[in-house]
Amino acid sequence: MTEATTRTRRPRPKLVTLTDAAAERVREILAEKGEGYLRVGVKNGGCAGMEYVMDYVSEIEKFDEVVEDKDVQIVVDSKAVLFILGSVVDYEVEVLSSRFTFKNPNQTDACGCGESVTIVPSQL
């Protein structure tokens, strides 16, 4: 046996997980639309460098990743995979607002207003 075949691979972290609140809100959004998917990604922007984005899409793009958690499917933009690997998506409701939030192990900083973040690609 070679050294490569005797090594044990470390377990790969789950791409994205959803809290119960996030899964319920995704179910509600998809029920309103009747079909399609909620797509998660990141884009360049804001004072910290990147922003999380969530969009409703009717079709899965060729290289997108489909994640199933808590009986809900979401789609992750292929260009965002290394930036959000291991993230937990939550849905928070406050007195005057509600929003999806991300607890991301790859996030190193955020701007003061919370709209943009600094994310380093996962070194998986």
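Me: Which residues of α2 are called buried, and what makes a residue buried?

Reply: They are A22, A23, V26, I29 and L30. Buried means under 20% relative accessible area, exposed over 50%, and partly exposed in between, with a 1.4 Å probe and protein chains only. This is a predicted model: local features need pLDDT of at least 70, side-chain atom pairs count only at pLDDT 80 or more, and totals for chains, interfaces and linings use all residues. Residues are numbered from 1 along each chain as its sequence is written, and side-chain values use heavy atoms, leaving out hydrogens and water.

Me: Why is α2 called a helix, and what span is expected of it?

Reply: Helices are DSSP runs of H or I with at least four residues; strands are runs of E with at least two; both are numbered from the N terminus. Helix α2 covers residues 20-33, which is 14 residues. The expected span is 1.5 Å times one less than the number of residues. From first C-alpha to last, α2 reaches 20 Å, close to the 20 Å expected.

Me: Why does V93 count as exposed?

Reply: Its relative accessibility is 64%, so V93 counts as exposed. V93 lies in strand β6. V93 and A21 are 72 residues apart in sequence, yet 9.3 Å apart in space, C-alpha to C-alpha.

Me: What makes β1 and β7 edge strands?

Reply: Two strands pair if DSSP finds at least two bridges between them. An open sheet of 3 strands runs in the order β1-β6-β7, with mixed pairing. β1 and β7 each pair on one side only, and they are the edge strands. β6 and β7 pair in the antiparallel sense over 6 bridges. V89 stands opposite F102 in β7.

Me: Which strands of that sheet does α2 touch?

Reply: α2 packs on the sheet, touching β1, β6 and β7. Contact means heavy atoms within 4.5 Å. The direction of α2 makes about 75° with that of β6. Axes are lines fitted to C-alpha atoms, for helices over the stretch in contact, and angles run from 0 to 180 degrees between N-to-C directions.
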